[in-house]
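Here's a quick briefing to read with the model open. Take a look at the structure first, then work through the points by topic.

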Amino acid sequence: MTATMPPAGGRTPVMADVARLAGVSHQTVSRVINGQPNLRPETRERVERAIRQLGYRRNSAARALVTRRSGTIGVIGAKTGYWGPSTVHRAIQAAGRQAGFFVSATNLESLTRAEFTDALDHLRDQDVEGIVLISATDDALEVARVQEATGVPVVVIEGAEDRAKWTVGVDQVAGAALGTQHLIELGHVEILHLGGPADWTEARGRLQGWRAAMYAAGLVPSLHLAGDWSARSGYELGREIARRTEVTAVFAANDQMAIGLLRALAEAGRSVPEDVSVVGFDDIPEAAYLIPPLTTVRQDFTAVGRRAIEILQAAIAADGTPEPERLISPELVVRSSTAPSPGRKQSE
């Protein structure tokens, strides 16, 4: 690409300047800015390099007048502070801005149907082109389903595919099966599942994966307790688990509950992993620094956020562009909180 001086007279660069510098058409620049697919990577890179070199910024107001599109998307999350949702939220905002959208974010105090409805109505009043909903409770899915009638697409993070038109997430069933299978391969038979709230699709997926792995191994998946994702609930239920001396392994539905469980087991004098092996889910940054370091199922939250924007773009375009794959594969991260079952060690 031939170097070109910035626009003369210090004027603000326009799209035509970008096209001239990149050696492409005005339409090609527009397609890059609007995140349209089916462009050669080298062409896209040339245009993006020209945008950076010129310091070009599109005029959103003028674009809205011409295209009758706001260039704005909405993101609805919750003030939970949990690592997964907050990481997805940041990734969505970054990917949305990179795709050329203005991102309007809303964080809910509670996850009630009324709050979801109010937040969606508020964003729709801003003429957003699409919405990403970072909550897969039953109430959220129902509100998203009703929202579809307005013509504004809503992508639900970790939504059930049979209940959400557009959704993306990690394969929760496969992830739970990975963690449970790891414990089974270590010789554990009495594997308890410390699950999440029953009205969350993620909790139901992890429960399903635990059961599937247990059945596949010829084991009976009867031991199941439900928490609320918090370390406090993991601790409270962990005190009950510690009294169940037949339990030699626990698959926890998230790392926070696993943290509470580790404390409860330690207070009860049950050693991890010598007496009880523990597997978590998420791979929060602290997981590697617990005592002992936590074996867990890693979710790529950044990839979830990026793919949510890709799916939202396809939904907004409504031009037959195929959606990216909706499910992202999880990864088992083995650390020191799991070991062969006491029974296997004794027989060896």
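A salt bridge here is a side-chain nitrogen of Lys or Arg within 4 Å of a carboxyl oxygen of Asp or Glu. Keep in mind that this is a predicted model. Its pLDDT averages 87, and 89% of the residues score at least 70. Where pLDDT is low, the predicted coordinates should not be read in detail.

**Salt bridges**
- A search of the whole structure turns up 17 salt bridges.
- One of them pairs Arg-204 with Asp-138, with the closest N and O atoms 2.9 Å apart. Arg-204 sits in helix α9 and Asp-138 in helix α7, so this pair ties together parts that are 66 residues apart in sequence.
- Arg-232 bridges to Glu-236 at 3.1 Å between the closest N and O atoms. These two are four residues apart in helix α10, so about one helical turn separates them.
- Arg-298 and Asp-283 come to 2.7 Å at their closest N and O atoms. The pair links distant parts of the chain, with Arg-298 in strand β10 and Asp-283 in the loop between β9 and β10, 15 residues apart.
- Asp-283 counts as buried, because its relative accessibility is 12%. Through shared partners, Asp-283, Arg-298, Glu-331 and Arg-335 join into one salt-bridge network.

**The sheet and its helices**
- Six strands make an open, parallel sheet in the order β2-β1-β3-β4-β5-β11. β2 and β11 stand at the edges with a single partner strand each, so one side of each has no neighbour in the sheet.
- Three bridges join β3 to β4, and Val-132 stands opposite Val-155 in β4.
- Helix α5 lies across β1, β2, β3 and β4, at about 165 degrees to β2. Helix α6 also lies across β1, β2, β3 and β4, at about 160 degrees to β2.

**Two loop residues**
- Is Thr-248 buried or exposed? Thr-248 counts as buried, since its relative accessibility is 16%.
- Thr-248 lies in the loop between α10 and β8, and its side chain makes a 2.8 Å polar contact with the side chain of His-188. Thr-248 also touches other residues, including Asp-275, Ser-277 and Pro-342.
- Glu-325, in the loop between α12 and β11, counts as exposed at 63% relative accessibility. Its C-alpha is 9.9 Å from that of Thr-167, although Glu-325 and Thr-167 are 158 residues apart in sequence.

Key. Residues are numbered from 1 along each chain as its sequence is written. This is a predicted model: local features need pLDDT of at least 70, side-chain atom pairs count only at pLDDT 80 or more; totals for chains, interfaces and linings use all residues. Side-chain values use heavy atoms; hydrogens and water are left out. Buried means under 20% relative accessible area, exposed over 50%, partly exposed in between (1.4 Å probe, protein chains only). Two strands pair if DSSP finds at least two bridges between them. Contact means heavy atoms within 4.5 Å. Axes are lines fitted to C-alpha atoms, for helices over the stretch in contact, and angles run from 0 to 180 degrees between N-to-C directions. pLDDT is the predictor's confidence in each residue, from 0 to 100. A polar contact is a pair of N or O atoms within 3.5 Å; within protein, one must be able to donate a hydrogen and the other to accept it, and residues adjacent in sequence count only if both atoms are side-chain atoms. Lists of a residue's contacts leave out its neighbours within four places in sequence.
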